[in-house]
Amino acid sequence: MSDDLYRPGRDAAEEARQYGEDEGFEAAPEAQGEEFAGRVNEAIGGEHGDPAANLAVAELIAKLAERTNELQSAQAELGERTADLQRLQAEYVNYRRRVERDRIAMAEMALGKVLTGLLPVLDDIGRARDHGELEGGFRQVAESLENQLAKLGLEQFGTAGELFDPNVHEALMHTVSPDVEEDTCVEILQPGYRLGDRILRVARVTVAQPGEPDE
């Protein structure tokens, strides 16, 4: 008979079982061990009982366990790196959003500052229009300026008859009127302007309060 036969003896079985417990593997049932031994013997062409074959199989199992542990470690490291990458991607997306939000805010702030500086010019145009002095080329230039500023988002507000709102109105004068039931803007002394949701200047108004005027 060949000296390379695999014959699992009592000591080899105990060593394999102890090795499996040390490496965290479940011990295979005895019948499965016999089946495995039979397959090994078929491969090497012999019978049970050779200690050299037992040692070879034990070494093979040890290498298999070592490679399994290496694979598990690699999979765990891959999971950690994947989580790190996902975290970095989320941080980058949030960073880009903050940058874009700050960029828009800075642009709106700069535009609002420029438009605020032009409000006195619009006041002069409005007074000239009220007095019938907005004629000829001056009227065309004024209307062109107003149209361009409107395209930039500048909006005028404040009309007689609307309810007084301290958030957008400044009361420069007060009067009493039986014709109103709430504080009402009855005269616009200077229109207000907004850029989007931002108030560049409140409307300055005369406010009528409900009541009978003093005689």
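**Strand pairing and surroundings**

Mentor: Start with a facing pair: L195 stands opposite R198 in β5. Keep in mind that this is a predicted model, where local features need pLDDT of at least 70, side-chain atom pairs count only at pLDDT 80 or more, and totals for chains, interfaces and linings use all residues. Residues are numbered from 1 along each chain as its sequence is written, and side-chain values use heavy atoms, with hydrogens and water left out.

Trainee: How many helices and strands does the protein have?

Mentor: Four helices and six strands. These are DSSP runs numbered from the N terminus, with helices being H or I of at least four residues and strands being E of at least two. From the N terminus on, the order is α-α-α-α-β-β-β-β-β-β.

Trainee: Back to β4 and β5. In what sense do they pair?

Mentor: Antiparallel, over three bridges. Two strands pair if DSSP finds at least two bridges between them. β5 covers residues 198-201. The two strands form a hairpin with two residues between them. G196 sits in the turn and has a positive phi of about 65°.

Trainee: And what is the bridge partner of R194 in β5?

Mentor: I199. R194 also has E155 standing opposite. β1 (residues 154-157) pairs with β4 over four bridges, in the antiparallel sense.

Trainee: What order do the strands of that open sheet take?

Mentor: β1-β4-β5, three strands with antiparallel pairing. β1 and β5 are the edge strands, and each pairs on one side only. The twist averages 35° from one strand to the next. Axes here are lines fitted to C-alpha atoms, for helices over the stretch in contact, and angles run from 0 to 180 degrees between N-to-C directions.

Trainee: Which residues of β4 are buried?

Mentor: G192 and R194 on one side, Y193 and L195 on the other. Both faces of β4 (residues 192-195) are covered. Buried means under 20% relative accessible area, exposed over 50%, and partly exposed in between (1.4 Å probe, protein chains only).

Trainee: What does the charged end of R194 sit over?

Mentor: The ring of F157, 4.3 Å from its centre. The rule is that NZ of Lys or CZ of Arg lies within 6 Å of the ring centre and within 35 degrees of the ring normal.

Trainee: How many aromatic pairs, then?

Mentor: The count comes to zero. Rings of Phe, Tyr and Trp (its six-membered ring) would need centres within 6.5 Å; planes under 30 degrees apart count as stacked, over 60 as edge-to-face and the rest as tilted.

Trainee: Next, L200. Buried or exposed?

Mentor: Buried, at 13% relative accessibility. L200 is in β5.

Trainee: What does L200 touch?

Mentor: Leaving out residues up to four places away in sequence, L200 touches G112, L115, T116, L119, L154, Y193, R194 and L195. Contact means heavy atoms within 4.5 Å. Q156 is 44 residues from L200 in sequence, and their C-alpha atoms are 9.9 Å apart.

Trainee: Other sheet now. What order do its strands have?

Mentor: β2-β6-β3, an open sheet of three strands with mixed pairing. β2 (169-177) and β3 (184-190) each have a single partner strand, so one side of each is left without a neighbour in the sheet. Neighbouring strands are turned by 25° against each other on average, direction ignored.

Trainee: How many bridges join β3 to β6?

Mentor: Five, and the two strands run antiparallel. β6 covers residues 203-210. In β6, V207 is the bridge partner of C185.

Trainee: Where does D214 lie?

Mentor: In the segment after β6. D214 is exposed, with a relative accessible area of 79%. V176 is 38 residues away along the chain, with a C-alpha separation of 8.6 Å from D214.

Trainee: Whole protein, then. What share of the residues is buried?

Mentor: 20% of the 215 residues. The protein exposes about 15,600 Å², and carbon and sulfur atoms supply 52% of it. Those areas come from the Shrake-Rupley method with a 1.4 Å probe; for residues, only the protein chains shown count as cover.
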